[in-house]
Amino acid sequence: MGMGSENAAFPFSTAQSPRFCNPISSRRIFSDVAEDVTVSVDGQSFLLHKFPLVSRCGRVRKMVTDSKDPDVSKLDLVNVPGGAFAFELAAKFCYGSNFEINAANVAHLRCVAEYLEMTENYQAENLIVRTEKYLNEIVFKNLDQSLEVLCACDGLDPMVEEIGLVDRCIDAIALNVCKEQLVSGLAHLECDGGSGKLRMHCQDWWVEDLCALRIDNYRRVIAAMRRTGVRPESIGTSIVHYAQTSLKGIERRHVWDSGPLVGDSQRVIVETLIDLLATENITTVPLSFLFGMLRMAIEVDAGLKYRIEVEKRIGLQLEMASLDDLLIPAVQTSDSMFDIDTVHRILVNFLQRIDEDDSGDLSPCGYDSDGLKSPSHSSVLKVGRLMDGYLAEIAPDPYLKLQKFMALIELLPDYARIVDDGLYRAIDIYLKAHPSLTDSECKKLCKLIDCQKLSQDASSHAAQNDRLPVQMVVRVLYFEQLRLKQSSFSGGGVDGSFSQRMMMPCSGSGVPSSCVSPRGDNYASLRRENRELKLEISRMRVRLTELEREQGIMKQQGSRAGGGEHGRAFLASLSRGIGRITMLRPAAAAAERRRKKSSSSQGSEGKSRRRQQKASFAYD
């Protein structure tokens, strides 16, 4: 809303018009009426007339009346909000010059009007009333203009806070965003034909506009949006976009950089955004953003409590992290190339969440985990595989201390690893990269490997690994021998199939698809195989009994007839029997051979049977 005309710019009156003058050489601007006062604002002088100023500005009137010199010709105004620019606009208003009030200058006009005390006590429709009318009727009803005015408030402190203009702009922004979200959501409301559910398709176009705000104003806007009822998903999107826009210029620091840090402003931005996540209970940001904020917090040397807050939030959903997320470079390279302590704290938070989840307690962060799934046993298995990969990545680091490496291994519970192949690989890499370890340190490290959880391939590799202590190799060989004995007693072939199941490709969740429930899947499969092998052995025994009977008959007939066709028939029948036996599993044949070898001798007929078995097994 403009004064006189809203959009047109009017020329100054030739009778009475303020003149902006150079502070060094002030010039007279009227030939008929000379200026009678010089007003100095921030080092700039204005040659003006007393009457227009005194008639509308309470402060100027007080300065003139309180002056000891009745013909005062110079006034000094200090700490004018908006400086010379704002005062020039106010002077134009005092002279009656028509100019446009818009979103770019209304904040300056409102503050300088308050400073000059341009109230209704001195003139009707004074500048304060004019600017308030424009704010209420134009600015606060429009989201774009509210944002523009709020941005224009920068540099107008403390007057802009005293008159409450910032708070009113913030409330207007939050209210307009809520309305915009509701209108946009209703306009794009669709019905999902399959389920009959309603779904929203609305783009929060205002997210990018909020990035122009100063961080302190942005924080207040987000808090107001949260109170107004703006969707948490939209607020989370806004925080992510604001961080990407305002922190994209941060570069990695090194320990040899002796200059100042990235800047206090960048650190304030990082700390404020993290604090917003906690105080406003925003849980809808992606995990990649949390890791990015953690890296930024480390780079700008943010406070420890802010880093711990991000680590807790990452710990709530650690099973969804990737290996690259955990490889955080260390700022101090004296201890390690990677930030091991940060990963250790994240893992502790994850395990604490599991314990509290089992006991039904609240989150350790003190807020509800809206939208976050509670870690289950499959989540623990995912994290176990993730940590094995992380251990293998950091193991070649020559600066990595053994205590930190072992602390990460010992932190995970035993049930987090179904097989220890990944752990064995990581320890083997560490031993290779740290040949200076003592024998006692090697033994202490290798004790963390459960030899019973090693697959057949890993056991074979460990048995020939010169880097392992002798005690470790002996344990591997011992358990491998036990495994072979158990597989032989259960019918053979079981270990191979079991090892294959242990090493099956991972499912989409990152856990071996057949190992999520070892009691349910693996044991049931083993029982089925044992039953099948027992049935095959029973069939083989019946067939051997038939062959023994046929052999006895053939011998009797052969002895009477002296060979001939009966001898050939016996050989043909024997060949058919042997062919049927060799079609059975080799493991079943081996089990029967051990059973026959262990039985006592029962006469010449028993010896003949054993010779017959050996003859048939020779074809396997």
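Phe 479 is partly exposed, at 22% relative accessible area (buried is under 20%, exposed over 50%, partly exposed in between, with a 1.4 Å probe and protein chains only). The model is predicted, so local features need pLDDT of at least 70 and side-chain atom pairs pLDDT 80 or more, while totals for chains, interfaces and linings use all residues. Residues are numbered from 1 along each chain as its sequence is written, and side-chain values use heavy atoms, without hydrogens and water.

Now the aromatic rings. A search of the whole structure finds four aromatic pairs (Phe, Tyr or Trp rings, the six-membered one for Trp, with centres within 6.5 Å; planes under 30 degrees apart are stacked, over 60 edge-to-face, the rest tilted). Tyr 218 and Tyr 242 are stacked, because their ring centres are 4.1 Å apart and their planes at 15°. Tyr 218 lies in helix 10 (residues 215-228) and Tyr 242 in helix 11 (residues 232-246), so the pair ties together parts 24 residues apart in sequence. Helices here are DSSP runs of H or I, at least four residues, numbered from the N terminus. Tyr 218 is buried at 0% relative accessible area. Tyr 242 is buried too, at 3%.

Phe 479 pairs with Tyr 478. Their centres are 5.3 Å apart and their planes at 70°, so this pair is edge-to-face.

Next, the nonpolar core (buried Ala, Val, Leu, Ile, Met, Phe, Trp, Tyr and Cys joined through side-chain atoms within 4.5 Å). The largest has 146 residues, and Met 225 and Phe 405 touch the most other members. Contacts of Phe 405 (heavy atoms within 4.5 Å) include Leu 391, Ile 394, Tyr 430 and Leu 445.

Note on methods:
Helices (H or I, at least four residues) and strands (E, at least two) are DSSP runs, numbered from the N terminus. Lists of a residue's contacts leave out its neighbours within four places in sequence.
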